[in-house]
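These are my notebook entries on one structure.

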Amino acid sequence: MVKIKAGTFTIGTNDPVFVADGEGPKQQIYLDSFYIDEMEVSNRDFGRFVHATNHRTEAEKFGDSFVFGGLLEEKIRANITHAVAQAPWWLQVKNANWQNPEGPNSDIKNRMDHPVVHVSWNDAAAYCEWLGKRLPTEAEWEVACRGGLSDKLYPWGNKFTPNGQHRANTWQGDFPNNNTKEDGYESTSPVTEFAPNNYGLRNMIGNVWEWTSDWWTIETKARGGPNNPNGPPHSTDKVKKGGSYLCHKSYCFRYRCAARSQNTPDTTAGNLGFRCALKA
């Protein structure tokens, strides 16, 4: 884990891309010192947890999870009838889970160093608790993402591909029809991939969405005030941050430190993972 020392930080933005998400306004907050995982929790990490505790993920209990259709074999895709109405590229696949990310015909044998996916907020919280850790607050996550830089779009600055180099795993090409894979990946990449930010943290944006501990609200005043904000006391959804390998500027330009989105705590999908935090 990386220690981020106590101090005053700037989060949010005065130039929101998705106003309805509550990305703004920019605000100053104070955070106590905390630790955060250098990398996203990998399949290998999560496997140790499952082996030690016999934990069954919610995707395994439900018997299905959501998978990006472009990753599925045509014969599998042809037999699926349930999709997300507003995002038809998301298909409900039977027996898709963390060990079988694209369903029963897939496995993670060659992806042990990739981030675990198809984990709900509840699964992520259970993993963190097993290690004596917790999920980061949204504020902690965003401060960690920024890597000590203030008012920048990305963990390294405002240019997405500085010197023509990819520093995150996102979608290139025409979403959702053609992924040119210029960053080298069609789906997830190893948690060790891409250069770290100034705090030494990798993949804070792109790769997989990351759960935070906060309940969702778009009201800035309801997020806990300027000192160690930790979200409202209750809501229906949890905050996720960072975007994923499926994010593209034309559709989901949420691979920015200030960007935010939400899902119910039992939601699982093939681009949803996490990292842990700990009070210093």
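**Basis.** I worked on a predicted model, in which local features need pLDDT of at least 70 and side-chain atom pairs count only at pLDDT 80 or more, while totals for chains, interfaces and linings use all residues. Residues are numbered from 1 along each chain as its sequence is written, and side-chain values use heavy atoms, with hydrogens and water left out.

**Record.** I looked up the UniProt entry, which is unreviewed, and found residues 1-277 given there as "domain: Sulfatase-modifying factor enzyme-like". UniProt positions are in the numbering used here, feature names are shortened, and annotations may be inferred rather than shown by experiment. For the span 1-277 I noted 14% helix and 19% strand, with its end C-alpha atoms 8 Å apart. Helices (H or I, at least four residues) and strands (E, at least two) are DSSP runs, numbered from the N terminus.

I then turned to empty space. Rolling a probe the size of a water molecule over the atoms shows where such space is left. On a 1 Å grid over the protein atoms alone, a pocket is an open set of points with protein on both sides within 12 Å along at least five of seven lines, a cavity is a set where a 1.4 Å probe fits but cannot get out, and lining residues have an atom within 4 Å of a point. Grid points are joined across faces, edges and corners, and a volume is the space filled by probe spheres set on the points. The largest pocket holds about 690 Å³. I counted 28 lining residues, with A87, W90, K240, Q262 and N263 the closest to the centre. Strand 5 (64-68), strand 7 (87-94) and strand 12 (261-263) each give two or more residues to this lining. By class, the pocket lining has 14 nonpolar, nine polar and five charged residues. Here Ala, Val, Leu, Ile, Met, Phe, Trp, Tyr, Cys and Pro count as nonpolar, Asp, Glu, Lys and Arg as charged, and the others, Gly among them, as polar.

**Cavities.** My search of the whole structure gave two cavities of 30 Å³ or more. The largest cavity has a volume of about 110 Å³. Its lining has 17 residues, of which P101, E102, R111, V117 and G270 are the closest to the centre. Nine of the lining residues of the largest cavity are nonpolar, six polar and two charged. I found 13 residues lining the second largest cavity, with P155, W156, R167, A195 and N203 nearest its centre; the lining divides into nine nonpolar, two polar and two charged.

**Helix 1.** Which residues of helix 1 (residues 43-53) are buried? I noted N43, F46, F49 and V50. Buried means under 20% relative accessible area, exposed over 50%, and partly exposed in between (1.4 Å probe, protein chains only). Seen down the helix axis, the buried residues fall within an arc of 120°, so they line one face of helix 1; the arc is that of the directions from the axis to the C-beta atoms. These buried residues pack against helix 4 (121-130), where contact means heavy atoms within 4.5 Å. H51 and A52 are exposed on the other side of helix 1. Just after the helix, N54 has a positive phi of about 60°.

**Strand residues.** I36 lies in strand 4 (residues 34-36) and is buried, at 0% relative accessibility. Beyond its neighbours within four places in sequence, I36 contacts residues including M1, P136, L201 and A277. I36 and P136 are 100 residues apart in sequence but 7.3 Å apart in space, C-alpha to C-alpha. S261, in strand 12, is buried at 13%.

**Backbone.** Most residues other than glycine have a negative phi, and most peptide bonds are trans. I recorded a cis bond between G24 and P25, with omega about 0°; P25 is in the loop between strand 2 (7-11) and strand 3 (27-31). The bond from F175 to P176 is also cis, and P176 is in the loop between strand 8 (173-174) and strand 9 (178-179). N95 has a positive phi near 65° and is partly exposed at 44%. K181 has a positive phi near 55° and is partly exposed at 39%.
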